[in-house]
Amino acid sequence: MAHLFGAGHDSDAFLIAWTVPEMASTLLIEDAMALLMVPAFSQALARRAASRAGLTRKEARSQDPVRLLVGATLPRLAVFLAAVASLLVVAAPLVVAVLAPGLPDPALAVECTRMTALTVLSFGIAGYFSAALRAHRSFVPPAAIYVSYNVGIIGTMIALHAVWGVRAAAAGVAAGGLLMVLVQLPAFVRNVGFGPPRAKGAPRSQRDRDRPTLIAFGVIAPVIFFAVFRQSQVLVERFLAASLPSGAISHLNYAQKVAQMPMVLSLMICTVTFPVVAQAMAGGEREKARRRVEQDLALASLAVLVGSALVIGYAPQIIQVLFERGAFTHRDTLATASVMRVYALGLLGHCLVGALSRPFFSTARPTWFPALAMGAGLLVNVVAGAFAVGWWGTYGIAAANAAGISTTAALLLTGLGSRIVAIQVRRVALSIGRLSVAAVGACGTGWIAGPMIPDPLLSAALGCLLVPAMFGACGMAIRALEITALPAQIAQMTQRFRNAR
């Protein structure tokens with residue numbers, strides 16, 4: 001996108017339309033769908049294991065809680081999402097007017113929005129498949145959805161950009177959404193299957209045991225509000241940036257996407273272990289859940305802080321290597337790198353919100369606390385952003401984002417121990433504090449060393465070695481147990497994953 005369209009009106013128009021799949025991804029793949037359906041499938045799997053004794057294969061298949069869950073939820077979900085996608089196609093002009101009221105020429109954004117609206121259906125089905133497969137400890141097909149998604153976007157842009165312009169990117173989003181479903185379909189059929197729409201063949205006692213899972217699917221408001229409030233940070237960002245000079249939305253988007261890579265990588269740990277926590281909570285193993293959550297927080301914080309130090313220290317070099325070609329100028333590089341450094345201040349908050357929200361939604365009935373905490377953080381984001389945008393432009397928007405998400409992370413951390421899992425909040429906070437000190441030392445080293453090497457690729461490559469080394473050295477100097485014990489934790493986690501396979 002940077003090569004073909006740079007950072008200007010066309011890319012701004014597409015990014016307004018991309019807000020729809022970004023919101024759909026949060027609701028239907030990562031947050032709402034995963035937080036709701038992974039525990040639901042985990043509970044159904046636990047009931048399956050407890051109820052199969054003494055049943056024939058045919059009886060076990062007809063009374064399988066997993067298949068009954070699929071039959072009761074997937075058709076309704078598909079119909080509902082198809083209706084929402086159709087509504088968005090029709091109401092695209094209104095959607096663009098709400099998302100970016102200051103956009104000078106909204107016609108291109110409307111056309112792109114109509115194409116990206118189709119992802120509401122495809123993302124919903126893909127997210128459902130991902131949640132079911134993760135609960136079954138099958139992680140490769142859900143991970144492959146983003147490969148197929150990007151293949152669809154990039155392939156369509158390369159093939160059609162000369163004819164359609166930036167509309168080719170929107171068409172690629174729609175094509176990528178379809179590929180996300182298709183890449184998981186064989187694994188879903190093999191591991192889960194499509195169940196009957198109603199449990200008519202099952203005894204009444206079996207239907208009663210299924211009812212809590214189906215009720216949990218209906219009580220989705222806390223999860224939906226949490227996911228909407230979280231993704232609304234992007235809506236606030238683009239709403240405020242629409243009135244800034246052309247290219248501001250693009251600079252914010254490029255900076256955010258690159259800056260969030262450490263957070264995405266760190267949350268892989270929690271994605272893999274979320275079914276473990278959900279099943280431990282379902283089985284009443286609170287101590288096992290506590291240990292798993294504390295280990296996840298330590299490892300995820302370590303990973304995201306190392307990445308944050310690299311992103312802040314080597315921001316200009318990273319952006320130059322990734323984007324500075326074609327329509328993306330050196331001026332765009334400097335603007336994006338500066339904004340990315342501000343964004344990176346909130347990466348720890350984003351990581352903690354992703355890691356801490358999962359235990360809250362591991363119980364049979366989701367709690368409202370994460371949604372309220374996320375709402376408080378969003379309020380901080382809105383107020384701070386509205387005040388700061390007039391003074392500091394894109395930097396103020398990025399700083400407000402960091403302040404809002406950090407507020408939510410602090411609330412979730414203090415609230416988890418007393419409500420869901422009895423983690424030792426003080427010990428976890430001290431652990432994160434020690435890691436933050438190590439990150440500051442590594443970041444400062446990278447900031448000084450980065451400009452010393454003129455070649456950006458060589459500088460960034462050496463930074464990938466220097467920053468982790470300095471992080472480890474600083475951590476050892478202050479005796480951070482999370483760093484000194486890291487080799488043993490990695491060995492333990494590797495052994496656990498091997499056993500899971």
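1. H8 passes H10 in a left-handed crossing. This is a predicted model. The axes of helix H8 (residues 119–135) and H10 come within 8 Å, and they cross at roughly 30°. Angles under 35 degrees count as roughly parallel, so H8 is roughly parallel to H10.

2. Look next at the side of H8 that faces H10. Among the H8 residues that meet H10 are Phe 123, Ile 125, Tyr 128, Phe 129 and Leu 133. Their partners in H10 include Val 173, Gly 177, Leu 178, Val 181, Leu 185 and Phe 188. By class, the contact of H8 with H10 has 15 nonpolar and six polar residues, and no charged ones.

3. H10 also packs against H7. Helix H7 (residues 107–116) and helix H10 (residues 167–191) have axes 8 Å apart, at an angle of about 15°. That makes H7 roughly parallel to H10. The crossing of these two, H7 and H10, is right-handed.

4. On the H7 side, the contact uses Leu 108, Glu 111, Cys 112, Met 115 and Thr 116. On the H10 side, Arg 167, Ala 170, Ala 171, Val 173 and Ala 174 take part. The contact of H7 with H10 has seven nonpolar, one polar and two charged residues. Val 173 and Ala 174 of H10 meet H7, and Val 173 and Ala 174 also meet H8.

5. Now the H21 and H22 pair. Helix H21 (residues 425–449) and helix H22 (residues 456–477) pack at an angle of about 140°, with axes 8 Å apart. H21 and H22 are therefore oblique to each other. H21 passes H22 in a right-handed crossing.

6. From H21, the contact residues include Leu 435, Ala 438, Ala 439, Gly 441 and Ala 442. They meet H22 residues, among them Leu 466, Val 467, Met 470 and Phe 471. The contact of H21 with H22 divides into ten nonpolar, four polar and no charged residues.

7. Finally, the second largest pocket. The volume of this pocket is about 670 Å³. Of its 23 lining residues, Leu 27, Leu 28, Phe 80, Leu 81 and Ile 224 are the closest to its centre.

8. Which helices each supply at least two residues of the lining of the second largest pocket? They are H2 (9–30), H3 (32–51), H5 (65–90), H11 (204–218) and H12 (221–241). H5 gives the most, with seven residues. By class, the lining has 20 nonpolar, two polar and one charged residues.

How values were computed: Residues numbered from 1 in each chain as written. Predicted model: local features only at pLDDT ≥ 70, side-chain atom pairs only at ≥ 80, totals over all residues. Heavy atoms only, no water. Axes fitted to C-alpha atoms, helices over the stretch in contact; angles between N-to-C directions. Helix = DSSP H or I, 4+ residues; strand = E, 2+ residues; numbered from the N terminus. Parallel < 35°, antiparallel > 145°, perpendicular 65-115°, else oblique. Left-handed = near helix turned anticlockwise from the far one by under 90°. Contact = heavy atoms within 4.5 Å. Nonpolar A, V, L, I, M, F, W, Y, C, P; charged D, E, K, R; others polar. 1 Å grid on protein atoms, 1.4 Å probe; cavity = no way out; pocket = protein on both sides within 12 Å on 5 of 7 lines; lining within 4 Å. Points joined across faces, edges and corners; volume = space filled by probe spheres on them.
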